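Subject: A structure for you

Hello,

Here is the structure I promised to pass on. Please have a look at it first, and then read my notes below.

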Amino acid sequence: NAYQKAFSIFDTSICYAIKANSNLAILNLLADAGAGFDVVSQGEMQRVLTVAKNAKIVFSGVAKTETEIEFALTNGVYCLNVESFPELKRIALVAERINHIAPISLRVNPDVDVNTHPYISTGLKENKFGVAIDTAKEVYLFAQKHKFIAIKGVDCHIGSQLIDISPYKDALVKVLALVDDLKQSGIIIEHIDIGGGLGVKYQDETPPEPQDLVNLLKTIL
């Protein structure tokens, strides 16, 4: 509810990460509240489909298999969040084989440092998550030319348990510059996935609220 209220000033979808809690009763409550879902495996997507066949589903995660890609495409996935150039090529091959357009968003790595544990930091270039933002345009140009790929968005996830929210702004500034650059090549980005990762209180942390994040991002958005 806090996320929905804070982000209501934008045309926004809030997608719950199934890896946090895949209990079907919880997923059913979230679906009834209007949530979309973020999955990282075929099994997680199957759980969502059990409780909400028409929910918006984004398929994230590294090393998606051809079986998972085919399952996602044939079961109405809203978007595949692509982690690498080889993965995009794998998606293109599967999509062509089954004669199905693949909606994709590219996860870019903005090389932004965040104040969190190094094991859950994902936004630095040495973290090896996503496509380096400096080379992302090349990947998008490949996608633009492939008749079985539909470019939908750009995705950025810089880490988890973030107490300092300023890195979100640093990352988004870089992402928006990429969006403008892609537009010059005729590539129109329909949505920006700003990721998750807002911290929670485990010990003595003072985590930010969703409204704090919106207040930080709304001027540049």
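Before the notes, a word on terms: I count Ala, Val, Leu, Ile, Met, Phe, Trp, Tyr, Cys and Pro as nonpolar, Asp, Glu, Lys and Arg as charged, and the others, Gly among them, as polar. Please also keep in mind that this is a predicted model.

On that basis, the lining of the largest cavity divides into 8 nonpolar residues, no polar ones and 1 charged. The residues in question are Cys156, Tyr168, Ala171, Leu172, Val175, Ile192, Asp193, Ile194 and Leu217. The structure holds 1 cavity of 30 Å³ or more, and the space in the largest cavity comes to about 70 Å³.

Which elements supply at least two residues each of that lining? They are α7 (166-184) and β8 (191-193), with α7 giving the largest share, 4 residues.

That brings me to α7 itself. At 1.5 Å a residue, its 19 residues should span 27 Å, and the end C-alpha atoms are 28 Å apart, which agrees. Buried in α7 are Pro167, Tyr168, Ala171, Leu172, Val175, Leu176, Leu178, Val179 and Leu182. Because these residues cover an arc of only 165° around the axis, they lie on the same side of α7. Their packing partners are β5 (102-109), α6 (136-145), β7 (149-155), β8 and α8 (210-217).

Best wishes

Methods:
Residues numbered from 1 in each chain as written. Predicted model: local features only at pLDDT ≥ 70, side-chain atom pairs only at ≥ 80, totals over all residues. Heavy atoms only, no water. 1 Å grid on protein atoms, 1.4 Å probe; cavity = no way out; pocket = protein on both sides within 12 Å on 5 of 7 lines; lining within 4 Å. Points joined across faces, edges and corners; volume = space filled by probe spheres on them. Expected span 1.5 Å × (residues − 1). Buried < 20%, exposed > 50% of the residue type's maximum accessible area, 1.4 Å probe, protein only. Arc of directions from axis to C-beta. Contact = heavy atoms within 4.5 Å.
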